[in-house]
Amino acid sequence: MESTIVKSVNYNAYFGDNHVVKDVNIDIPRNNVIAVMGPSGCGKTTFLRGINRMHELIPGATAKGKILLNTEDVMEMHPIFVRLKIGMVFQRPNPFPNLSIYDNVIAGYKLNGIKLPKAEKDKIVEHSLTRVALWKEVKDSLTKKGSFLSGGQQQRLCIARAVAMEPEVLLFDEPTSALDPISTSTVEELFHELKKNYTLIIVTHNMQQAARVSDKTAFFYMGELVEYDDTKQMFTNPKDTRTQNYITGRFS
Amino acid sequence: MTQLENEIKDIKAEVLSMWYLVESQMKKARTAMLHFDRDLAREVVLKERRVNAFELKLDRDCENIFALYCPVAVDLRFLLAVLKINNNLERIGDIAEGIAKYIIESLSDFDHASFMETELIRMFDDSISILADTRLAFEKEDTILARSIFKRDEVLDRINANAISKVTECIKSDMNLINDALYVLSIIRKLERVGDQSKNIAEEIIFYIEAKVLKHNEDIN
């Protein structure tokens with residue numbers, strides 16, 4: 001049986017008085033890809049950012065309830081430690097423009113003041129870039145700036161940067177919305193590989209992408225988790241009418 | 001209404017047009033058989049091309065929707081069901097054509113009275129009525145009506161199962177009926193297939209509406 005890696009218990013998130021995530025209870029199994037979808041403003045990104053405590057970085061933002069990582073409440077953990085265990089990749093590729101590809105990959109260690117011998121760093125860089133299928137493309141240009149890479153390569157570099165910290169969970173906020181179809185396809189292929197070692201939670205507006213890459217799908221509407229089920233079930237026979245209306249484009 | 005909804009509405013209308021044509025083919029085949037109207041039988045054979053054209057168009061239209069709209073959930077189930085219903089209707093069209101061909105090929109008009117015991121006419125009427133009710137179930141998305149088809153198909157199965165012994169009796173009573181008897185038996189076999197095809201269609205209607213797979217399920221009744 002699949003073990004739960006992340007579990008939210010009555011999780012609520014607010015921006016001031018605005019209640020944007022309402023009593024979300026969800027169990028996320030280890031080594032699965034979970035797609036989170038829903039219309040704009042439904043609270044899916046806020047929920048995602050709540051998982052690694054990035055939500056609270058926004059002034060006026062608060063949260064209630066629990067997010068458990070391996071049964072440990074992330075609210076009780078040091079936020080930096082949480083983010084080491086739960087990495088995040090954003091919509092637009094954001095490699096550090098002044099850093100080389102090599103330094104981008106190990107940026108997490110540098111920023112956290114973790115000093116490593118050169119051989120160890122080399123190993124992490126090669127390992128991380130291999131995991132994101134970028135090593136062969138950049139192994140001869142590791143000293144070049146990350147910003148010289150194409151959009152798709154930059155996004156994979158960002159994933160490598162997250163992977164380098166050996167997290168358990170990777171959060172993706174619309175990771176391919178700024179990419180062309182070829183780069184999107186490469187990143188989607190990567191998800192299948194990454195899930196062997198990590199648990200992936202992906203917020204996406206692209207329903208076909210959710211159907212292609214995820215094992216389970218969560219549908220959010222007006223801050224509520226309306227339905228959470230196996231992706232095959234959700235896309236062939238959703239139980240809730242709101243989910244059916246959303247995925248068939250009949251949402252008004 | 002979204003563009004996909006419009007496309008699906010058009011497909012449904014197309015399926016119904018095909019259905020009416022196939023029903024009309026069956027009715028004409030029945031009339032041709034009852035009155036040995038070979039001209040009408042020839043019309044059925046000619047119109048089979050239209051049934052085939054419907055099948056090809058529906059296949060193509062469904063394929064386009066799959067490629068252009070990536071349908072999911074109820075839309076996906078509808079299109080998958082339509083592809084199979086389309087195939088079943090085309091087969092029923094073939095059956096009507098097959099019966100019409102028997103009428104054209106038969107050397108002389110055969111005596112229905114000799115074959116009353118086989119319930120051939122009743123079987124013909126039942127199979128046409130089952131086909132019409134299956135269409136209604138599709139049109140009105142009525143799964144209760146669709147489920148009723150399973151029981152009615154059993155009547156056709158029973159007539160078919162009893163046909164051999166009854167046809168044999170007819171032949172025993174008059175050896176000159178051998179040729180006619182073979183035609184009657186072949187028509188009965190074909191009509192039994194209409195029941196099976198209608199049952200398959202009813203299963204697809206239930207799959208599309210309720211997302212339940214009844215195929216190969218012994219307990220569907």
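Tutor: Before we start, axes here are lines fitted to C-alpha atoms, for helices over the stretch in contact, and angles run from 0 to 180 degrees between N-to-C directions. Helices (H or I, at least four residues) and strands (E, at least two) are DSSP runs, numbered from the N terminus. This is a predicted model, where local features need pLDDT of at least 70, side-chain atom pairs count only at pLDDT 80 or more, and totals for chains, interfaces and linings use all residues. Residues are numbered from 1 along each chain as its sequence is written, while chains are lettered from A and ligands numbered from 1 in the order in which they are written.

Student: How are α5(B) and α6(B) oriented to each other?

Tutor: Look at residues 143-173 and 178-210 of chain B, where these helices pack with axes 9 Å apart and an angle of about 165°. Angles over 145 degrees count as roughly antiparallel (under 35 is roughly parallel, 65 to 115 roughly perpendicular, the rest oblique). Therefore α5(B) and α6(B) are roughly antiparallel.

Student: Which residue in the hairpin of β1(A) and β2(A) takes a positive phi?

Tutor: Two strands pair if DSSP finds at least two bridges between them. Strands β1 (residues 4-15) and β2 (residues 18-29) of chain A run antiparallel, joined by 8 bridges, and K7(A) stands opposite D27(A). There are 2 residues between the strands, and the one with a positive phi near 60° is G16(A).

Student: What is the bridge partner of F15(A) in β4(A)?

Tutor: β1(A) also runs antiparallel to β4 (residues 61-69) of chain A, with 8 bridges joining them. Across from F15(A), the partner in β4(A) is A61(A).

Student: Which strands stand at the edges of the open sheet in chain A?

Tutor: Its 6 strands follow the order β6-β7-β8-β3-β9-β10, with mixed pairing. The twist averages 20° from one strand to the next. One side is left without a neighbour in the sheet where a strand has a single partner, so the edge strands are β6 (86-89) and β10 (224-230).

Student: Which residue stands opposite A35(A) in β9(A)?

Tutor: β3 (residues 33-37) and β9 (residues 216-221) of chain A run parallel, joined by 4 bridges. Opposite A35(A), you will find T217(A).
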